[in-house]
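I opened this notebook to record what I looked up in the structure shown below. The entries follow the order in which I consulted the model.

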Amino acid sequence: MPFWVRVIIAVVAAFLLMRSGMRLLGGMSQMMPEPPPPGELRKVRIMYRCSLCGTEVQMRMAPDEDPPAPRHCLEDMDLVAPVEE
């Protein structure tokens with residue numbers, strides 16, 4: 001392969017690496033979204049269990065009616081059942 005072809009490939013690869021690195025750093029520099037105002041939370045009663053260690057959590061307030069499962073032991077917790085009162 002001629003020398004000039006290798007140089008072009010190296011320049012293109014360096015450009016792509018630098019561009020992807022700048023996008024990655026730019027994504028991390030964005031500010032976290034503001035938490036909802038205190039009146040915006042909804043009352044929910046949902047029970048979750050960690051499938052790895054068995055820890056149970058009862059969620060009482062959430063920003064919406066069907067909140068995403070919390071994480072524990074680096075995994076999403078399993079929905080046990082909505083708590084009836």
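Predicted model: local features only at pLDDT ≥ 70, side-chain atom pairs only at ≥ 80, totals over all residues.

Residues are numbered from 1 along each chain as its sequence is written, and side-chain values use heavy atoms, with hydrogens and water left out.

Entry on salt bridges. I asked which residue pairs with Arg-49 in a salt bridge. The partner is Glu-56, and the closest N and O atoms are 2.5 Å apart; the criterion is a side-chain nitrogen of Lys or Arg within 4 Å of a carboxyl oxygen of Asp or Glu. Glu-56 is likewise partly exposed, because its relative accessibility is 41%. I counted two salt bridges in the structure. Arg-71 and Asp-76 form one of them, with 3.2 Å between the closest N and O atoms. Arg-71 is exposed because its relative accessible area is 56%, whereas Asp-76, at 42%, is partly exposed.

Entry on the core. I looked up the largest nonpolar core, which has seven residues: Val-44, Ile-46, Tyr-48, Cys-50, Met-59, Ala-62 and Met-77. Such a core is a set of buried Ala, Val, Leu, Ile, Met, Phe, Trp, Tyr and Cys residues joined through side-chain atoms within 4.5 Å. Strand 1 (42-49) and strand 2 (56-62) are the elements that give two or more residues to this core; strands are DSSP runs of E with at least two residues, and helices are runs of H or I with at least four, numbered from the N terminus. Strand 1 supplies the largest share, three residues. I then listed the contacts (heavy atoms within 4.5 Å) of Ala-62: leaving aside residues up to four places away in sequence, Ala-62 touches Leu-41, Arg-42, Val-44 and Pro-67.

Entry on helix 1. Ile-8 lies in this helix, which spans residues 3-28, and Val-5 is also placed in helix 1. Ile-8 counts as partly exposed because its relative accessibility is 45%; Val-5, at 22%, falls in the class of partly exposed residues. How far apart are Val-5 and Cys-50 in space, C-alpha to C-alpha? I read 55 Å, for a sequence separation of 45 residues.

How values were computed
Buried < 20%, exposed > 50% of the residue type's maximum accessible area, 1.4 Å probe, protein only.
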